[in-house]
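Subject: Structure handover

Hello,

Here is the structure I promised to pass on. Please open it first, then read my notes below.

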2 protein chains.
Amino acid sequence: MIPRLLVSFDLAAGCDHDGTEAHAHYLRNVLRRGAGDAVSLFNSRDGEYAATIAELRKERVRFRIGALTRPQAGEPDLWLAFCLLKRDATDLVVQKATELGVSALFPILSARTNAAATRLDRLRAIAIEAAEQSERLTVPTMHAPQTLPALLAAWPTGRPLAAAIERAHAPPPTGQRALLIGPEGGFSAGELDALRAAPFIQPVSLGPRILRAETAAIAGLALLVRAAW
Amino acid sequence: MIPRLLVSFDLAAGCDHDGTEAHAHYLRNVLRRGAGDAVSLFNSRDGEYAATIAELRKERVRFRIGALTRPQAGEPDLWLAFCLLKRDATDLVVQKATELGVSALFPILSARTNAAATRLDRLRAIAIEAAEQSERLTVPTMHAPQTLPALLAAWPTGRPLAAAIERAHAPPPTGQRALLIGPEGGFSAGELDALRAAPFIQPVSLGPRILRAETAAIAGLALLVRAAW
């Protein structure tokens, strides 16, 4: 397996460029790679390039960039707004949403949110790792956690937001470009009122069965991705 | 939150019945419940009953069965055959498939299977826990791990099996009552030949993006559940 790495520098065939200390650590200590080994690099704008490790020391890695292997392509314009859950469940949502191709993630601090102190840099790292290990050429935008009223106030009104707040009497998500998933205990009465008053909210049902929040996020995204492809 | 427990005994209003030592441990040490507290019981055949804890000691619990709260209902007839993955990924597949309503699980030992020594009783315990924590009235049947040739040889030929073995040139799963998901490294050439030769195999695509095996299982089931509801 050839490691895929997100880098920040420009990619062009024939150039050398240093990776980060984190890249060096990951290649050397986690993957046990060395000079001459192949990697694959992407930076969200120049496509994907074959590269080799020109030099690898404890805190330093230098890449030799080879040929373009995949030109940059647009990702689907699909957003996920999700209430922060317990740590493992939040991690799962970020990882699977990234794999499924979501372009932007909006973590929400709802009235019944479990996780007060989620570190944004941790969530970003999970999204980067999931992008590296899938075939994405981009990394989803990870917005800072905000309350539901703040999210609704700033929402672009022309973008329908499928909200999994109904059990069985709503249609499945079909073609919306954004999905909202509530917290484990459901939205509060006040939050539900705010959702019902927002003109861009479209209530949807994910089926006859109550799903855990993280399962609802993955299943709902699978349906939206299906409608988009 | 009222604990939901799977029991093996018959359920009828007004009866007392002993739970297992595992029930006693879970209620007493994990959930910190005591005599008089409410539980909810199901056994896959008599529906769901309200009950109270009549007595709770270290290794013994006695339930007093109250009123029927939900009559037994049929579950969708949907099977998942999946190659055993790394432990966390396998656990996730079993948990989420149970939540999504799968009626039978077929773990497969494929040529590229990661997990040689998966304990069947562990997988069954994960399915039971997921059933208890969702609203299922049944627990999916967990078959013993078998090779792909053994699975194919014993498959009921009248049941189309959607196989996620094509990338983009196959239709999405639509209405099949069974899904087959390969191992992390994909099926071997010999396994793919066997699949192509099986008359009940219907190749499907889960979209333009390569998904991890466990993500493919959840996303594929979400599409099949959607088609069934």
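Is Ser44(B) buried, partly exposed or exposed? Ser44(B) is partly exposed, because 15 other C-beta atoms lie within 10 Å, while a buried residue needs 20 or more and an exposed one has 12 or fewer. Please keep in mind that this is a predicted model.

**Ser44 in both chains**

I began with Ser44(B) for its backbone. Its phi is near 80°, a positive value in a residue other than glycine. Most residues other than glycine have a negative phi. Ser44(B) sits in the loop between strand S3 (38–42) and strand S4 (48–57) of chain B.

Chain A has its own entry here. Ser44(A) is not a glycine, yet it has a positive phi of about 80°. It lies in the loop that links strand S3 (38–42) and strand S4 (48–57) of chain A. Ser44(A) counts as partly exposed, because it has 15 C-beta neighbours inside 10 Å.

**Chain A overall**

Chain A holds six helices and 12 strands. Its C-alpha trace spans about 60 × 35 × 30 Å along the principal axes. Of its 229 residues, 39% are buried. Take the contacts in chain A with a separation of 6 or more: 72% of them join residues 24 or more positions apart.

**Strand S6(A)**

Start with strand S6 (residues 79–83) of chain A. Five of its five residues are buried, so the strand is largely enclosed by the rest of the structure. Both faces are covered. Trp79(A), Ala81(A) and Cys83(A) are buried on one side. Leu80(A) and Phe82(A) are buried on the other.

Which strands pair with S6(A)? One is strand S7 (residues 104–109) of chain A, which runs parallel to S6(A) and is joined to it by five bridges. In S7(A), Ala104(A) stands opposite Trp79(A). The chain gets from S6(A) to S7(A) through helix H2 (residues 87–100) of chain A, and this β-α-β crossover is right-handed.

Another partner is strand S11 (residues 178–181) of chain A. S6(A) and S11(A) are also parallel, with four bridges. There, Leu80(A) has Leu179(A) as its bridge partner.

**The nonpolar core**

Leu80(A) comes up again in the largest nonpolar core, which has 94 residues. Leu80(A), Leu221(A) and Leu221(B) touch the most other members. What does Leu221(A) touch, leaving aside residues up to four places away in sequence? The list is Leu80(A), Ala97(A), Leu100(A), Val102(A) and Leu179(A).

**How the chains meet**

The contact between the chains takes 21 residues from chain B and 21 residues from chain A. On the chain B side, helix H2 (87–100) and helix H6 (213–228) each supply at least two residues. H6(B) gives the most, with seven residues. By type, the chain B side divides into 11 nonpolar, four polar and six charged residues.

Chain B superposes on chain A by a rotation of 180° with 0.0 Å of shift along the axis, at an RMSD of 0.0 Å. The two copies are thus related as by a two-fold rotation axis. The same surface serves both copies, as 100% of the contact residues of chain B recur in chain A.

Best wishes

Terms used. Residues are numbered from 1 along each chain as its sequence is written. Chains are lettered from A and ligands numbered from 1 in the order in which they are written. This is a predicted model: local features need pLDDT of at least 70, side-chain atom pairs count only at pLDDT 80 or more; totals for chains, interfaces and linings use all residues. Two strands pair if DSSP finds at least two bridges between them. A crossover is right-handed if, with the strands pointing away from the viewer, the path from the first strand over the helix to the second runs clockwise. Two residues are in contact if their C-beta atoms, placed from the backbone, lie within 7 Å. Ala, Val, Leu, Ile, Met, Phe, Trp, Tyr, Cys and Pro count as nonpolar, Asp, Glu, Lys and Arg as charged, and the others, Gly among them, as polar. Copies are superposed by least squares on the C-alpha atoms of residues with pLDDT of at least 70 in both. A nonpolar core is a set of buried Ala, Val, Leu, Ile, Met, Phe, Trp, Tyr and Cys residues joined through C-beta atoms within 7 Å.
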